[in-house]
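Please consult the sequence and the structure shown below alongside the text.

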Amino acid sequence: MKIKIGDDTKKELIRLAETKSISLEGNILKVIDADGDEEFDAYLKDSIEKDTTKRKKRLEITKQIQKQNNELLEGKDKIETINSQLKAALEEAEESRKEALAAKEQAENSMIDAHHAREEAEKAKTEAINAKDIAESDLDFMQKKTQFELIGTIVKVALWVILGVGVITTAVFVIALFSGKDTTIVGSTWSNIVGILLTNAFSIIGTIMGVKYASEKKH
Amino acid sequence: MIESILLVDDEDLFHLVFEDACSLLDITLSLQSISSADEAAKLFKKWFEHGPLEERPECVFVDLNIIGSSFDGIELIRKINFEYGNHVVIGIISSSNEATEQAKAVAAGAQFWIIKSDDIEPRLEDFKKDYDGYRNKTNPFKVYK
């Protein structure tokens, strides 16, 4: 596809190129037919050459800009990667901080729990000591009570034995007196025995009174 | 020379590079560049449903990852091939060279894969030489490294 233009236009285009350096540019030059006009054909060739030179220059510059742009984009990508890594690291640090705070809080709670447990243990220990003291006291009391009861029984038996011996000796001495037999030995024996018995009886009564007093006080 | 080309790429600087390279290599006189796969899909849908079919480009270059779009370049190729008529030469232009992605592109109906780099012109020149084969659907899928 070729287009033809009028002679006046051709002359005007040539004049513009010569006087003001204004030429046609671009692919339009490739579709204009010089139509046998040598001067216009030379104009077209010159314009195409200028256009080609301009395009080559522009292509080189565009390629350089494109290259620089690509480098900038790569740099931007790297910066974005570093930024995202930094962001991830910050998030991780924040997460660790939160975990540490949670752990600290947990430790504090555990410490409080331990403190409470210690207090409860101490309370339980005090209660156990008190219970032990009460148990020991009760045991001591029971032992003493048993001892006092045993002593009381022994004293009662001893009193009955003394009374029995006293009654028998007295009976023997009375029989000897009324039968008219010699009472020297029996009499002295009776007086000795009665003396001993009275002494022992008072001693025993004293012991019984003591035991009773002690028992009442313990109760 | 290819009658008209549509470039779908989110990188505006590449639009300039591609336009100048196509002009210098006389690949096409008509180049349209857009930055969104959604916009491209809308255009093809419009051409397919309402026409005019003459407005449709002869060849489409699609970036693999089009930032800001609802779907990627492979999905756009699939839509154009299987939903909007399949009447264009279409392929991927991307800095990626992953075999798995290339296999997906072939399955979607891509005919070529041009790897973007600082030195795009030699690849476009090779593509220009092979273009008739793509238009006639006789060339197999090819990766321009």
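This is a predicted model: local features need pLDDT of at least 70, side-chain atom pairs count only at pLDDT 80 or more; totals for chains, interfaces and linings use all residues.

Residues are numbered from 1 along each chain as its sequence is written, while chains are lettered from A and ligands numbered from 1 in the order in which they are written.

**Confidence**

- The predictor assigns the complex an ipTM of 0.79 and a pTM of 0.62.
- The average pLDDT of chain B is 91, and 100% of its residues score at least 70; pLDDT is the predictor's confidence in each residue, from 0 to 100.

**Chain B: overall fold**

- Chain B contains five helices and six strands, in the order β-α-β-α-β-α-β-α-β-α-β from the N terminus. Helices (H or I, at least four residues) and strands (E, at least two) are DSSP runs, numbered from the N terminus.
- Of the 145 residues of chain B, 39% are buried. A residue is buried if 20 or more other C-beta atoms lie within 10 Å of its own, exposed if 12 or fewer, and partly exposed in between, with C-beta atoms placed from the backbone.
- Among the contacts in chain B with a separation of 6 or more, 65% join residues 24 or more positions apart. Two residues are in contact if their C-beta atoms, placed from the backbone, lie within 7 Å.

- The largest nonpolar core comprises 42 residues, and B:V8, B:V60, B:V62 and B:I77 have the most contacts inside it. Such a core is a set of buried Ala, Val, Leu, Ile, Met, Phe, Trp, Tyr and Cys residues joined through C-beta atoms within 7 Å.
- Beyond its neighbours within four places in sequence, B:V62 contacts B:V8, B:G73, B:L76, B:I77, B:I90, B:I92 and B:I93.
- β1(B) is covered on both faces, with B:I5 and B:L7 buried on one side and B:L6 and B:V8 buried on the other.
- B:E3 lies in the segment before β1 (5-8) of chain B and is partly exposed, with 13 other C-beta atoms within 10 Å.
- The C-alpha atoms of B:E3 and B:T28 are 5.9 Å apart, although 25 residues separate the two along the chain.

- Chain A has three helices and two strands, arranged β-α-β-α-α from the N terminus.
- Buried residues make up 5% of the 219 residues in chain A.
- Helix α2 (residues 38-179) of chain A has 142 residues and spans 204 Å from its first C-alpha to its last, close to the 212 Å expected at 1.5 Å a residue. The expected span is 1.5 Å times one less than the number of residues.
- Eight of the 142 residues of α2(A) are buried, so the helix lies largely in the open.
- The buried residues of α2(A) are A:F40, A:Y43, A:L44, A:D51, A:R55, A:L59, A:T62 and A:K63.
- Their cover includes α1 (7-20) and β2 (32-33) of chain A, together with α1 (12-24) of chain B.
- A:G180 follows α2(A) and has a positive phi, near 75°.

**Contact between the chains**

- Chain B contributes ten residues to the contact and chain A contributes 14 residues.
- The side of chain B that touches chain A has seven nonpolar, one polar and two charged residues. Ala, Val, Leu, Ile, Met, Phe, Trp, Tyr, Cys and Pro count as nonpolar, Asp, Glu, Lys and Arg as charged, and the others, Gly among them, as polar.
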